[in-house]
Amino acid sequence: MQNWRSPWWILISSVFPVGALLALATQIFYIIEPQLTGESKTAWFALGLSLSLMGLVQLGYYLYLHFSRKKTSLSYHIAVYVLYFCWLVGYLINGETLIPDDIPNWMISDEARLYPVGFLMPSLAFSMYCVIGFLTDFEKNPQPLFNLLGALVVALGAYMGINILMTSGIPERYVPHVVIVGLFSTSTLFFFFLGRSMYIFGNRPWSAWSKWDILIKGVLGIAFPIWGLMLNNSHIRFFPEHVFGNFSSPGFYALAVVNGVLFTLPNYPHPLYRLVLFLLRSLFFPYILYFALVFLPFLPLAIPAILAIGTGFLMLTPVILLVLQSATWIKDLQYLQNHYPKFGMITGAVLGAFLLPAFLYFSAVQDRKALHHALDYVYAPDFEHPHTFKISDARLARVFAAIQQNKRRNAMDFGGNSTPYLSHFYNSIVLDNLTLSDRKLNRLESIFLGKDLEFFPETIQRNSVPQIKTAQVDSKWNEIDQSWTSTLHLELENPGGNLEEYSTLFSLPEGALIQDYYLYIGQEKVKGELAEKKTATWIYEQIRNNTRRDPGLLSYLDAKTLSLRVYPFLPKEVRKTGFSIVHKEAFQLTLDQNHELTFGELSRNQNLTAPIVIGNGQVAYIPNALSKTLPKVKLMPHYHFIVDCSTRSKKHINTQISDLENLIRERKLPKETLHFHLTNREVKTLAPNENWQDAIQKQAKIGGFFAERAFEQILFRYSNQPLNHYPVMVLVTKNLPILPEFTPRMAHSVFNGLRYYHLNHKAIEETDFLGNSAPSGAEPQAIEAVAYPNAQQPLAYLSTEQLVRLPKFQASTSLKKGTWESAALLQAEWQHQEVHPESGETAWQNLIKKSFNTGLLTPETAYLVLENESQRRLLRMKQKQVLLEKKAFDVGEEPVRMSEPGLWVLLGLMLLIVYWRQMRI
């Protein structure tokens with residue numbers, strides 16, 4: 001049976017991998033093309049065209065063989081090997097021309113340079129296997145030991161050649177060419193002899209070496225795989241950890257032992273025994289196929305590895321086992337088809353081969369559901385109809401651990417904590433090829449598992465060395481919609497002697513939105529590109545951290561605070577930047593604490609004495625002059641005690657109850673003003689007459705202290721319906737709450753300032769959400785709030801906010817570019833979305849689309865100036881991916897590689913083709 005001569009192997013070994021490689025190469029070329037020289041583009045087109053032609057010729061050859069019902073020939077496989085061999089040599093020699101060194105790794109990873117080797121190696125390996133099959137005549141009784149000796153001679157010859165090369169004085173410019181050609185040539189001879197010896201072993205009767213078969217198969221199938229895993233996982237001293245990837249899971253060791261035992265078991269002539277053995281071997285076949293694919297790209301390095309570290313021969317074990325186990329599987333099938341229906345056996349084998357991949361897939365799907373449920377609970381809650389969280393801690397802990405381990409996502413990203421192919425497979429299902437930042441992952445672990453909240457340094461430079469040299473505002477009055485368009489022009493200077501970044505923070509009044517941004521790069525004024533915020537920030541950080549290119553970023557940090565960043569500043573360098581603002585009223589803005597700027601004419605504000613209702617009655621804008629004349633309402637304080645019921649509160653719960661009782665007694669707080677929110681990862685708000693002491697004792701002490709959720713639910717109640725009291729929020733805890741850089745979603749509607757209190761034993765501190773604390777001995781008093789439109793039936797209480805969403809607010813569908821009304825409606829829509837995060841990805845995507853269409857900056861978008869077209873193309877590609885996935889996902893702290901075609905998709909196609917072919921035989 002020479003199934004390897006069947007033409008469908010052409011598709012599996014060559015056409016599919018070549019197609020995948022061409023798709024990846026096209027994606028890479030699209031990004032870097034603007035930065036390539038004419039010579040580089042010529043090399044790209046030459047190699048791409050030649051590879052495409054080889055793929056098309058092979059596809060045509062497959063179709064010819066398929067319809068003429070012929071088999072492949074020796075000349076075809078020799079031609080394939082020689083052509084791909086020459087193509088790879090040409091690619092490696094021209095590597096620096098194709099992807100120049102000045103292309104940063106965050107745009108194109110180092111691993112991308114190895115894609116051709118990884119994707120074409122299956123074709124080379126299979127062609128070698130077929131050549132060996134054609135040239136091995138079992139009627140002549142070939143001896144495997146002679147071929148092993150030939151492989152040893154080649155290895156020794158390579159060793160001698162390396163020494164000769166080192167002492168020959170060959171010109172340095174020719175060394176890479178000699179090394180590449182020599183490495184591939186000696187590897188060809190080495191694997192021919194070694195592969196031929198394994199082919200002979202695998203296809204001759206076991207009785208020919210029955211005295212040694214158990215020992216040899218045990219060493220190859222059990223000892224070597226376990227040894228290789230231990231060596232890779234640094235269980236053996238003096239060897240780096242995870243050189244080829246993270247295979248430290250006990251499951252890899254267990255599968256290695258079981259697969260090795262099944263391979264080693266003798267093939268007794270007993271039909272039922274052989275059937276069971278055949279099905280079990282089919283079940284574990286994907287395991288050895290997986291490791292063969294992992295190590296296939298490294299085969300050309302086998303000889304240097306053997307010569308350098310001795311144990312390099314372990315790299316060959318998976319490929320050798322794949323050959324031997326395939327031969328064993330075929331022998332089982334040949335024996336069993338005389339005793340059982342072939343259809344049933346093939347069906348059972350295919351189903352068995354899919355079990356392990358199916359288990360991985362469905363396990364990843366369950367992890368995806370658990371993660372999405374957790375993300376929706378934290379980042380897209382329904383405050384009006386809160387629900388109970390039902391995912392088990394054990395599953396969440398496993399999901400978080402897997403995400404942390406799989407932080408590096410490239411399918412061919414060997415080394416580190418990732419597992420080759422499997423990490424990418426897992427991330428593509430669970431994270432949609434994105435990630436969760438370390439900060440966000442730690443936050444989720446703190447909320448659901450009660451882990452420590454780690455400190456992550458600020459990404460924004462608060463103390464900027466470059467300073468504003470000059471600042472000029474150019475304001476123009478628009479008579480049509482009675483609004484201002486003001487442009488701020490800045491000259492920034494770096495007075496220091498080092499490479500620096502300019503960074504500043506500022507706030508704009510409500511109803512004022514940025515609609516344009518520019519940065520001078522050299523003498524050219526470059527307009528900013530409006531992009532999704534996470535993607536733009538990631539691109540900026542990669543440029544800033546890895547190159548000296550010229551990016552500028554203008555974005556929101558939270559609901560009220562904007563950030564302007566410009567990089568780089570050379571010593572004593574002066575750079576120009578600026579942005580435009582659309583606003584209804586004139587206002588003053590202080591930048592860098594010493595530049596007081598006026599946008600518009602303040603005298604015109606006196607003319608605005610009535611509410612401005614826009615959007616067909618959807619939103620009301622309250623001018624400053626009007627807010628001073630509106631009626632005031634006295635609001636009494638109501639205490640909202642947010643009681644820590646997390647895992648860590650068990651030791652302190654009695655003390656917390658005692659502290660609360662003392663506070664209520666000493667301050668004589670009226671019972672009707674007291675509200676209790678028992679908080680762990682969930683929030684339980686007690687009924688007015690419920691015994692709060694007993695409820696706190698009985699509440700489950702699980703997870704972390706998710707105080708943010710309690711704040712949000714309290715503020716939602718006050719923002720959703722104006723009440724005759726205001727919230728005094730008091731944390732009752734001995735532990736720090738989960739409040740990393742937290743500003744409440746309803747920050748724009750908090751009329752008594754962004755502050756809360758912390759009760760710890762007898763001390764009470766007043767704290768704002770920016771982390772500033774001070775002892776507070778004073779008891780909160782009644783406050784006056786401005787009511788709109790009247791004191792009897794207020795729609796809202798005003799403080800700094802001037803936009804009021806009127807009853808039955810709905811997002812506008814007719815926003816226009818450059819108008820103030822569109823700016824006010826867009827800002828109101830974002831505020832509505834913050835109060836109703838359950839609206840999810842659809843509302844988020846719609847808000848971003850409206851930001852793009854109007855050119856108005858929102859907290860979900862960012863203005864980014866980039867230096868070259870390659871950066872812009874990568875920005876657009878990455879943004880497209882981000883906008884198709886979940887809002888809570890991150891682009892990541894580390895560079896994100898290109899998306900590779902799924903391994904299991906290719907394997908699935910292969911198995912289906914095998915199944916289809918067997919059914920036709």
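Modeller: Happy to! Setting aside neighbours within four places in sequence, Phe448 is in contact with Ala374, Tyr377, Val378, Phe389, Asp393, Leu396, Phe400, Arg681 and Gly703. Contact means heavy atoms within 4.5 Å. Before we go on: this is a predicted model, where local features need pLDDT of at least 70 and side-chain atom pairs count only at pLDDT 80 or more, while totals for chains, interfaces and linings use all residues. Residues are numbered from 1 along each chain as its sequence is written, and side-chain values use heavy atoms, with hydrogens and water left out.

Colleague: Which helix is Phe448 found in?

Modeller: Helix 16, residues 438-449. Helices (H or I, at least four residues) and strands (E, at least two) are DSSP runs, numbered from the N terminus.

Colleague: And is Phe448 buried or exposed?

Modeller: Phe448 counts as buried because its relative accessibility is 0%. Buried means under 20% relative accessible area, exposed over 50%, and partly exposed in between, with a 1.4 Å probe and protein chains only. Also, the C-alpha atoms of Phe448 and Ser392 are 9.5 Å apart, though 56 residues separate the two along the chain.

Colleague: Zooming out, how many helices and strands does the protein chain have?

Modeller: There are 25 helices and 24 strands. The chain has 921 residues, and 54% of them count as buried. Among contacts with a separation of 6 or more, 76% are between residues 24 or more positions apart.

Colleague: Let's talk helices. Where does helix 10 bend?

Modeller: At Phe284, by about 40°, and the proline Pro286 follows within four residues. The bend at a residue is the angle between axes fitted to the seven residues ending there and the seven starting there.

Colleague: Why is helix 10 described as largely enclosed?

Modeller: Because 18 of its 25 residues are buried, helix 10 is largely enclosed by the rest of the structure. Its length works out too: helix 10 (residues 271-295) should span 36 Å, and its end C-alpha atoms are 35 Å apart, which agrees. The expected span is 1.5 Å times one less than the number of residues.

Colleague: What about helix 13, how many residues does it have?

Modeller: Helix 13 (residues 342-379) has 38 residues and reaches 54 Å from first C-alpha to last, close to the expected 56 Å. Helix 13 has a kink of about 35° at Leu355, shortly before the proline Pro357.

Colleague: New topic: which side chain makes a polar contact with Ser870?

Modeller: That of Gln35, at 3.1 Å. A polar contact is a pair of N or O atoms within 3.5 Å; within protein, one must be able to donate a hydrogen and the other to accept it, and residues adjacent in sequence count only if both atoms are side-chain atoms. Ser870 lies in helix 24 (residues 869-883), and its 0% relative accessibility makes it buried.

Colleague: Last one, about the backbone. Which peptide bond to Pro568 is cis?

Modeller: The one from Tyr567, with omega near -5°. The bond from Tyr788 to Pro789 is cis as well, with omega near 0°. Most peptide bonds are trans, and most residues other than glycine have a negative phi.

Colleague: What is phi of Arg69 near, then?

Modeller: Near 55°, a positive value in a residue other than glycine. Arg69 sits in the loop between helix 2 (38-68) and helix 3 (74-93), and at 70% relative accessibility Arg69 is exposed. Asp432 also has a positive phi, about 55°, but Asp432 is buried at 12%.
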